[in-house]
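Hi,

Here is the structure I promised to pass on to you. Please have a look at it first, and then read my notes below.

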Amino acid sequence: MSSVAPVNSELPTLHHLNNSVSQRILWLLEELSIEYNLKLYSRDPITLRAPPSLATVSPLGKSPVLVTTDKGTLTESSAIAAYLLSKFDSKDLFERTNWLRDEMLTSFAGTTMGPLLLIEILTDIAEDKVWWPISLPVRWVRQAIHKNISGPELRKGLVWLESELGTEDWFGGKKLSRADIMIIWPLDLMSQKGWIDIQKEFPKLGAWRERVIERPAWKRAIAKGNGYDLAKW
């Protein structure tokens, strides 16, 4: 369950930014079926940056931010997910026995794919924001970077992810894991931006992503959030 107002100080509070990585934490909260407070923030329609009010919760001014009742204010999706699972997964809904593999996959989503996706985002923005004729050389640079650096590395990562998924439904095997929560963001970003046709090029990952978006908890998280349109980045 969630509430936007009033805030119950005895519950964790998720400070959630639209069209952001915070969507996966909202999904996790719904999978755990716990009560929580939900505070929504919207990006500036021109700059797409988070509003200044988010910086009053955390000096980083980014989302997700989880204000807890026992561990203070938490940032970073992987840390927030680890906290929520350790505190609230009393029914063992998530696979947590193979913690080292889960940490490897979780770290991969952020430390390996994250910088590559940032390159793609920044070069996309650079091409979109400059005027012609300067946009032409910027486009050539972006295309060269994608062709020779970020594109091949992203595909290499997706090949590895597909091999790690194997024949299982989830990266945790029969059950979801923290890795599943973390991996959905990079795959959603690449799919919505049209950088890679995951369904065609990586059918196992494509089927995994379809299973995610068909889960009732994912649908509830989308309904409770305030937008998840990554194509406009």
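Although asparagine 19 is not a glycine, its phi is positive, at about 50°. Helices (H or I, at least four residues) and strands (E, at least two) are DSSP runs, numbered from the N terminus.

Before going further, please keep in mind that this is a predicted model, where local features need pLDDT of at least 70, side-chain atom pairs count only at pLDDT 80 or more, and totals for chains, interfaces and linings use all residues. Residues are numbered from 1 along each chain as its sequence is written, and side-chain values use heavy atoms, with hydrogens and water left out.

There is another backbone feature to look at: the peptide bond that leads from serine 63 to proline 64 is cis, with omega near 10°. Proline 64 belongs to the loop between strand E3 (36-41) and strand E4.

Now the domains. The chain is assigned domain 1 (13-93) and domain 2 (99-216); such bounds come from an automatic or database domain assignment. Taken over C-alpha atoms, the centres of domain 1 and domain 2 are 21 Å apart. Domain 1 brings 14 residues to the contact and domain 2 brings 13, where contact means heavy atoms within 4.5 Å.

Between domain 1 and domain 2 about 1,100 Å² is buried, with 70% of that area from carbon and sulfur atoms. Buried area here is the accessible area (1.4 Å probe) that two parts lose on being put together, summed over both. On the domain 1 side, Arg24, Trp27 and Glu31 supply 48% of the area buried against domain 2, more than any other three residues.

Which residue forms a salt bridge with glutamate 31? The partner is arginine 215, and the closest N and O atoms of the pair are 2.6 Å apart. The rule (a side-chain nitrogen of Lys or Arg within 4 Å of a carboxyl oxygen of Asp or Glu) finds 1 salt bridge across the interface of domain 1 and domain 2. Helix H1 (22-32) and helix H2 (77-88) are the elements that give two or more residues to the side of domain 1 that touches domain 2. H2 provides the largest share of that side, 5 residues. By class, that side of domain 1 has 8 nonpolar, 3 polar and 3 charged residues.

By the salt-bridge rule the count comes to 17. One more pair to look at is aspartate 70 with lysine 87, whose side chains meet at 3.2 Å, N to O. Aspartate 70 lies in the loop between strand E4 (65-67) and strand E5 (73-75) and lysine 87 in helix H2, so this pair ties together parts that are 17 residues apart in sequence.

Best wishes

Notes: Nonpolar A, V, L, I, M, F, W, Y, C, P; charged D, E, K, R; others polar.
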